[in-house]
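Hi,

Here is the structure I promised to pass along. Have a look at it first, and then read on for what I found.

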Amino acid sequence: MAGAAIEIKGVEKKFGEVAAVAGLDLTVGEGDFVALLGPSGCGKTTTLRMIAGLEHPTAGDILVKGRRVNDVPVHKRNFGMVFQNLALFPHKTVFDNIAFGLKYRNVAKADVVRRVKTALDVVRLPRMEERLPAQLSGGQQQRVAVARAIVIEPDLLLFDEPLSALDAGLREEMRFELKRIQRNLGITTVFVTHDQAEALSMADKVVVMQNGKMEQEGTPDEVYSRPTSEFVARFFGQVNELTGKVVGRRDGIVDVVLGDGATVQVAHEGPVGDTLRLLLRSERVRVGKPGTAEPGASIVKGVVTSSDYLGLMVRYVVNAAGIELAVMQPKLGPLLATGEQVDLSIQPSAWMLLG
Ligand SMILES: Nc1ncnc2c1ncn2[C@@H]1O[C@H](COP(=O)(O)OP(=O)(O)OP(=O)(O)O)[C@@H](O)[C@H]1O
Ligand SMILES: [Mg+2]
């Protein structure tokens, strides 16, 4: 396993009475791409700014490559940073924007030219040196900001919602692009976002934060599929909540009777007689005409009460198992009609149980 590039130990940041960060422990491995994810005001930017040295912790320690950096000033920390508002200099050319960070590093003129060219190649903007920011598209400006961050050959790349100003299509394209650049360069990266899809699609490790603390950390699949709290479960989309009683068990599967008497299989170890609180993501349920259930799934009968056509996906509400259940699925055939009898299929592994 790679060593730790960043260690955050019991870090707290108070602004007067407000604890923006309230006891955070976090380790970022060498070369890792870590996403800090959470709702507005949970302390993501403050955490990033403390790593950068733009804010100082009121308690705890920050170590970069094993060295305590609490008191190391910004200009002595070798990181590249990209913010939401790119802050390119509007009157400087692309070349001068990117070369800016090299100016104070005593880099020879010929090397500056070479390194700016390499950075532009990495972000796939070759031969754009002489343009002004206003002569570039939003996505191209974003790439210049990334080129400016990587040209200094930083130990760390810090991103604060760098894609949120872009439109949806470009944002998605830039996700892959940033990920590609990071992987090729192998630079340890901390990426702040409140966009779940962005965090899940880009990061090796996702850190979900709430109220200045870490709620859960794990691989994208761990935080999505095995949330340890209701907050994390609900953060990644619409979740149905059901209760049921265990009536049978065998090899890691329990039979659970739901509100209206329907029985489902749930991947779980636990004694007969237990009452379970079950969470189910809307996209982990399949709905179709009777007889179309997936193999291996439990079937719950229901009636469609509404449908919203969203283009790629359809959101149904189905009256089943004694509740109104939200179902999100790709539009596979004709829309199911309101009032139609349907089968829901739910795999045993689809249920989430909180301890
Ligand atoms: N300079 C400051 N002075 C006072 N309070 C601050 C300051 N900076 C941040 N805060 C407060 O600290 C908390 C965390 O702010 P922070 O900017 O870290 O949140 P965030 O997770 O980045 O949110 P967003 O997603 O909205 O950017 C908020 O309650 C915020 O109001
Ligand atoms: Mg922020």
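In this protein, 65% of the contacts with a separation of 6 or more are between residues 24 or more positions apart. Please keep in mind that this is a predicted model, and that the values below are computed from it.

First, the overall picture. The protein has 355 residues, and 48% of them count as buried. Its secondary structure consists of 20 strands and eight helices. The C-alpha trace spans about 75 × 45 × 40 Å along its principal axes.

The residues around it are Phe-15, Ala-20, Pro-39, Ser-40, Gly-41, Cys-42, Gly-43, Lys-44, Thr-45, Thr-46 and Glu-161. By type, this shell holds five polar, four nonpolar and two charged residues. Which helix gives the most to the shell? That is helix H1, residues 44–52, which supplies three residues.

Some polar contacts to oxygen atoms of ligand 1 are worth a look:

- Thr-46: an N or O atom of its side chain is 2.6 Å from a ligand oxygen.
- Lys-44: a polar side-chain atom sits 2.8 Å from a ligand oxygen.
- Cys-42: here a polar backbone atom is involved, at 3.2 Å from a ligand oxygen.

On its own, ligand 1 would expose 640 Å², and the protein buries 59% of that.

Best wishes

Notes:
Residues are numbered from 1 along each chain as its sequence is written. Chains are lettered from A and ligands numbered from 1 in the order in which they are written. This is a predicted model: local features need pLDDT of at least 70, side-chain atom pairs count only at pLDDT 80 or more; totals for chains, interfaces and linings use all residues. Side-chain values use heavy atoms; hydrogens and water are left out. A residue is near a molecule or strand if one of its heavy atoms lies within 4 Å of it. A polar contact is a pair of N or O atoms within 3.5 Å; within protein, one must be able to donate a hydrogen and the other to accept it, and residues adjacent in sequence count only if both atoms are side-chain atoms. Accessible areas come from the Shrake-Rupley method with a 1.4 Å probe; for residues, only the protein chains shown count as cover. Helices (H or I, at least four residues) and strands (E, at least two) are DSSP runs, numbered from the N terminus. Ala, Val, Leu, Ile, Met, Phe, Trp, Tyr, Cys and Pro count as nonpolar, Asp, Glu, Lys and Arg as charged, and the others, Gly among them, as polar. Buried means under 20% relative accessible area, exposed over 50%, partly exposed in between (1.4 Å probe, protein chains only). Contact means heavy atoms within 4.5 Å.
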